[in-house]
Amino acid sequence: MTQTIATREGYGETLVELVKEGYDIMAVEADLSGSTTTKKLQDLDPDRFVNVGIAEQNMIGVAAGLSLAGKTVFTGSFAAFGTGRCYDQIRNTVCYADLDVKVAPTHAGISVGPDGGSHQMLEDVSLMRGLPGMNVLVPADYWAAKQAVRIAATTPGPFYIRLGRAKVPTVYEEGTVLELGKSYVLREGTDVTLVAGGIEVAQALIAADELAKEGISAEVIDVFSVKPFDKPTLLASVQKTGCVVTCEEHSTVGGLGSAVADIIGENHPVPLERVGVRDMFGTSGEPDELLAEYGLDAAGIASKARAAIARK
Amino acid sequence: MIEESVDKIEARAKSMRINIIKMLKEAGSGHPGGSLSAADIVASLYFGGVMNYSEDDPQHPERDYFILSKGHAAPVLYAVLAELGLIPEDELLTLRKLHSRLQGHPDSKKLPGVEVSTGSLGQGLSIAAGVALGARLNQQRDGGPKRRVFTLLGDGEIEEGQVWEAAMFAAHQGLDNLIAIVDNNNLQIDGDVRDVAGLDGISSKFQSFGWRTIEVDGHDVSAIVTALKTATLLDGSPVCIVAHTVKGKGVSFMENQAGWHGKAPNEEQARDALAELGGGE
């Protein structure tokens, strides 16, 4: 049954579940525990929660140190600050030393809404997937977010999990098990492949419904794991459909669209259209208004799908 | 724990300085100034009966930690690991070369004995604070000895804002198992720290953040050992030891010269340096 719930809601509560299952998990937060939901871990066990204050660089460093003391550590803050402000700490301490730190800030993407461009992080996937050794998970919904947190907690090494603020429809059922390195075909089709990530998966599914009314059969793939990327699932689909549209609430520079372009360019070139924010900052507005404004809604995806098919 | 006499530790520091010059000459690049300034501090830490650390089991789960926040002083760390017998002395000459474990800045994935990779400045104090907090939580849960974390920072390095984020955090958490040592050699790449960034009053800065501080002559081994041991006895807050040092210490033509921050000696300069240190061929 479809619910409407933010991906961030799957964060703190899954940390609580994992601790109750016996995992030695801690969260290091930078003054946003209510917003990110890491407060749920603090409420369970104050010793498993550390607030460093508004100090994201120190947040990553302290998380690194705690991991050296044997903890599996998740970090907080918003994606703009929890990746961008502390990029060098994530690069040189977490990834270079291959530490058990899970960078999982919330409020990624344009769907942050009214806070505006300063807070709408559109480059995080680009930054994080460029780091050697970093795993990058972009959950499509609340259930996928819970799976992402669980995978990160139980897999050694650095992770980035992209979590959002806005309430979005669920696309998975409760109890769905997802895996690192996998994409999921949520709808089969033959005319065009819609490769989506995060909250754009739900929009791609709506777009597929719209396209079906026109007699266009769209295949919808959720790229849950941007890195490592599930190349076989992508290539099998584009070999069948002959064209592809990428859909992400992220810059078209360096994110899912770039990852897909790399793979099809090297393996099976087909017409590619990209839905995303075209190398610009965001602006204030409600999430649904912003998705429409930047062409990230179902209508925008359907339009790109028609364009891709026309280029075959 | 290794506890040697002051004379022996001084001999260790001298041997480390000789190795620093030899490896940098062979590498043809690297950072002599801040490695030489820190040699007495690092020798005292490992051989002065301060750190719970054994060359027989460098990964012992109850060991104390040393994090070289000023990662460009990698040669002083490699030199002390050689003194401990954890690196063969001839391997020191592979510093900075292709396929060497002795990277230009310490790499914990390549070299056991390096607790965590460093090199990008200003990050070691945060990491050390995280280890100190984690060790304290583990001790509360599991018992066992109080594990201490030592970290060595450069004075130029503490211009990085993250250092003060970490200083605030460590004091707020009451991390009395954390001891930071500032190698106060007064010079950074572009000149005197006071001219470049107005850096002065390091002790009072740390005090205002809630730390206890100790000032010491960073080339007086007996005084350094006393300061380190005192620091381990103080409860309730982290301790910062401000060690007054001379950049390039031990090689007269390198002393107090910012130009020797990141330049390796050539053949002739190395010969002169080694003659002065008593390590000539």
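The legends below describe close-up views of a predicted model. Local features need pLDDT of at least 70, side-chain atom pairs count only at pLDDT 80 or more, and totals for chains, interfaces and linings use all residues. Residues are numbered from 1 along each chain as its sequence is written, while chains are lettered from A and ligands numbered from 1 in the order in which they are written.

**View 1. Chain B as a whole.** Chain B has 10 helices and 7 strands, where helices (H or I, at least four residues) and strands (E, at least two) are DSSP runs numbered from the N terminus. The radius of gyration of chain B, taken over C-alpha atoms, is 18 Å, close to the 19 Å that the globule rule gives for 281 residues, so chain B is as compact as a globular protein of that length. That rule is 2.2 Å times the number of residues to the power 0.38.

**View 2. The contact between chain B and chain A.** Chain B and chain A each bring 23 residues to this contact, two residues being in contact if their C-beta atoms, placed from the backbone, lie within 7 Å. On the side of chain B that touches chain A, the elements giving two or more residues are α5 (124-142) and α6 (161-172) of chain B, and α5(B) gives the most, with 11 residues.

**View 3. The two domains of chain A.** Chain A is divided into domain 1 (4-169) and domain 2 (184-310), with bounds that come from an automatic or database domain assignment. Their contact takes 26 residues from domain 1 of chain A and 30 residues from domain 2 of chain A.
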